[in-house]
Amino acid sequence: MRAVFLMVLALFALTGCASQATFGDAITQGEPTAIPTPVVPSKPVYQVERGKIVYERRFFGRISPLVTEAIAFEIDGRVLEVLVDAGVDVSEGDVLARLNTAGLENQLLDAEEELAIATSILESADSKARYDSQRAAIAVEMAQLKLDHALAQAGEAASDDDELAIMLLRLERDLAQVAVDELTSGVDPQLRFDVTRAQKRVDEIEATIAKAELIAPMSGRLVSFWPDAGEPVIAYEPIALVADLSVLEITDEMDADDLSELAEGMPLLIKRAVLPGNVYSGTIASLPAPYGLATDDLVHVAFDEQPPADEFKVGDRMNFTVVIEERDDVLWLPSSAIRQFSGRNFIVVQNEGLQRRVDVRLGLEGDGRVEILEGAEAGQTVIGP
């Protein structure tokens with residue numbers, strides 16, 4: 001069996017030699033087969049330089065009017081008609097919409113009728129009191145005339161009958177005077193109170209009806225108007241917004257990490273976020289608490305000079321670039337030249353063909369540059385990773 005195996009092995013060896021002879025013409029006899037040399041990519045080389053590093057941040061916000069005022073009805077109700085559309089310019093005092101006041105109008109008619117009745121009753125009482133007062137005054141005069149006549153007739157020697165008649169006339173005069181005194185107090189105070197109460201009710205309903213009109217509080221652009229005719233509204237819930245478009249700003253909402261790098265008064269540059277256009281200078285006007293004095297949660301960016309009218313629309317997306325910090329005459333390398341390992345920052349310095357690792361301490365980074373505080377000198381050649 002071993003002999004058979006050896007014979008098969010020899011047969012395969014002969015076959016392999018024949019194949020090499022058949023395809024060996026392309027190889028020079030005795031020449032070794034060439035092995036391609038792997039391509040070793042060259043590594044970037046940098047120079048440690050001295051210059052300026054600027055650390056800046058770019059943020060995005062939207063065009064907003066600086067002065068806006070929300071508008072709301074002062075009473076609940078249902079919108080009867082909308083007189084303007086969002087996007088139009090309005091003037092202070094313009095009526096923008098009205099509520100359905102049919103129910104209030106009916107209440108006003110009832111109140112006016114109640115006022116008319118109370119007024120009529122009071123006027124009648126006043127008229128009667130005036131006539132009664134006149135009659136009482138005349139009665140006093142008549143009583144006084146009778147008394148004067150009786151005294152004259154009696155003379156100095158008045159009889160008992162004359163004395164009695166005179167005394168009765170004096171009482172009659174006094175009673176007439178009491179009637180005059182009673183009438184000077186006027187009509188029943190309740191009647192006047194009824195008129196006052198009815199008038200107050202009329203005034204209240206009329207004032208409520210007046211509140212059924214939505215009035216523009218300032219001149220500007222009606223930026224938004226939400227309800228349509230027939231829809232209900234709630235008192236003092238804003239349903240429209242009017243804006244003064246003569247003064248624009250940029251607003252943005254940021255997280256705490258971004259806000260911590262900013263300060264009110266920082267200068268910046270403003271431009272459109274997508275389309276090319278003019279570049280404007282600006283300033284961070286206010287930041288939300290506790291970073292600044294803004295009364296809301298937004299960052300407010302002011303233009304140093306207002307852009308031309310119709311240059312921007314409310315809601316346009318803008319970017320603004322803020323220089324956070326800059327340093328002059330510092331050592332720097334491109335950020336790509338810095339290597340890291342196990343939390344260490346280092347560079348590979350080449351000197352006379354020799355390379356060595358050098359730990360570095362980094363400083364400010366910005367615009368692709370990083371400040372080298374320690375570990376490198378100007379002019380050194382650094383091999384990138």
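Which residue stands opposite W332 in strand 18? Good morning, everyone. I shall answer that in a moment; please bear in mind that we are looking at a predicted model.

Let us begin with strand 13. Strand 13 covers residues 317-334 and is joined by 13 bridges to strand 2, residues 49-71, the two running antiparallel. Within that pairing, R58 has T321 of strand 13 as its bridge partner. Strand 10, residues 267-272, also runs antiparallel to strand 13, and five bridges join them. Here the bridge partner of I270 is F320 in strand 13. Strand 13 pairs as well with strand 18, residues 369-374, in the antiparallel sense and over three bridges. This brings us back to the opening question: the residue opposite W332 is E371 in strand 18. As a reminder, strands of a sheet pair through backbone hydrogen bonds, either parallel or antiparallel.

I turn now to an open sheet of four strands, whose order is 6-5-3-8 and whose pairing is antiparallel. Its edge strands, strand 6 (213-215) and strand 8 (232-233), each pair on one side only. Strand 3, residues 77-82, and strand 5, residues 95-99, run antiparallel and are joined by three bridges. E81 stands opposite R98 in strand 5.

Finally, the helices. Helix 2, residues 102-154, packs against helix 4, residues 189-210, at an angle of about 155°, and their axes lie 8 Å apart. Because angles over 145 degrees count as roughly antiparallel, helix 2 is roughly antiparallel to helix 4. Their contact contains 14 nonpolar, four polar and eight charged residues. The crossing of helix 2 and helix 4 is left-handed. Thank you for your attention.

Methods:
Residues numbered from 1 in each chain as written. Predicted model: local features only at pLDDT ≥ 70, side-chain atom pairs only at ≥ 80, totals over all residues. Heavy atoms only, no water. Pairing = 2+ DSSP bridges. Axes fitted to C-alpha atoms, helices over the stretch in contact; angles between N-to-C directions. Parallel < 35°, antiparallel > 145°, perpendicular 65-115°, else oblique. Left-handed = near helix turned anticlockwise from the far one by under 90°. Nonpolar A, V, L, I, M, F, W, Y, C, P; charged D, E, K, R; others polar.
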